[in-house]
Each structure stands twice: as structure tokens, then as C-alpha cells.
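Biologist: Could you take a close look at one part of this model for me, and go through how its helices pack against one another and what space they leave open? I am new to reading structures, so please go step by step.

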Amino acid sequence: MKRVTMTDINAYLDGALDERERAAFESVVESDPDAKALLAQHRQHVEELHRLYDPVLSEQVPPRMLELLRKRKG
């Protein structure tokens, strides 16, 4: 049986697996209690990071930073 890696978990949670890969991943996780626990733990971490940092995405960029970026670009 294939061992679940963090790369597998990240790809699964990011929705980067195709249908066949996702089904295979879910099958392995269902048959491996350690992998199931690791997935649950990582999912919880990802959700917490989104809860903490997603609001930053809607913040205005400070004018001073925009000014510096424009100077650097030009």
C-alpha cells in the first residue's frame, strides 16, 4: 500500500488531484488510521491559517508601499 505524504495531503486539500488521483488518495486514507489522522490535523491547520490570514487579502495596500513599488518598477 502507498504511504501518504505531505505532498499528497497538500495536493488533495488544494484540489490539485484529478478524479482518479483523488479517489486513490481517499481510498488509502480510509484504510490507514494514521493517514486519516494526519489529514484531519493538516486540514485543521489549513482552515486556521485561512481564518487568520484571509482577511489580509481584502486590506488596502498602504500608499507608501505602492509608491515604493512604482519607483522600483519604473
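Modeller: In this predicted model, helix 1, which covers residues 6-13, and helix 2 cross at roughly 125°, and their axes come within 11 Å. On the side of helix 1 the contact is made by Asp8, Ile9 and Tyr12, and on the side of helix 2 by Arg22, Phe25 and Glu26. Sorted by type, the residues of this contact of helix 1 with helix 2 are three nonpolar and three charged, with no polar ones.

Helix 1 also packs against helix 3, and here the axes come within 11 Å and cross at roughly 55°. That angle makes helix 1 oblique to helix 3, and the crossing by which helix 1 passes helix 3 is right-handed. From helix 1, the residues Met6, Ile9, Asn10, Tyr12 and Leu13 meet Leu38, Leu39, His42, Arg43 and Val46 of helix 3. The residues of this contact of helix 1 with helix 3 divide into seven nonpolar, two polar and one charged.

The remaining pair to consider is helix 2, residues 19-31, with helix 3, residues 33-53, which pack at an angle of about 115° with their axes 5 Å apart. That makes helix 2 roughly perpendicular to helix 3. In this pair Phe25, Val29, Glu30 and Ser31 of helix 2 meet Pro33, Ala35, Lys36 and Leu39 of helix 3. Five nonpolar, one polar and two charged residues make up the contact of helix 2 with helix 3.

With the packing described, we can turn to the open space. Rolling a probe the size of a water molecule over the atoms shows where empty space is left. In this model the largest pocket has a volume of about 160 Å³. The residues that line the largest pocket are Lys2, Arg3, Val4, Asp8, Ala11, Leu17, Arg20, Glu21, Ala24, Phe25 and Val28. Helix 1 and helix 2 each supply at least two residues of this lining, and helix 2 gives the most to the lining, with five residues. By type, the lining of the largest pocket has six nonpolar and five charged residues, and no polar ones. Two of the lining residues, Asp8 and Phe25, are also among those that make the contact between helix 1 and helix 2, and Phe25 of helix 2 is one of the residues that meet helix 3 as well.

How values were computed: Residues numbered from 1 in each chain as written. Predicted model: local features only at pLDDT ≥ 70, side-chain atom pairs only at ≥ 80, totals over all residues. Heavy atoms only, no water. Axes fitted to C-alpha atoms, helices over the stretch in contact; angles between N-to-C directions. Helix = DSSP H or I, 4+ residues; strand = E, 2+ residues; numbered from the N terminus. Parallel < 35°, antiparallel > 145°, perpendicular 65-115°, else oblique. Contact = heavy atoms within 4.5 Å. Nonpolar A, V, L, I, M, F, W, Y, C, P; charged D, E, K, R; others polar. 1 Å grid on protein atoms, 1.4 Å probe; cavity = no way out; pocket = protein on both sides within 12 Å on 5 of 7 lines; lining within 4 Å. Points joined across faces, edges and corners; volume = space filled by probe spheres on them. Left-handed = near helix turned anticlockwise from the far one by under 90°.
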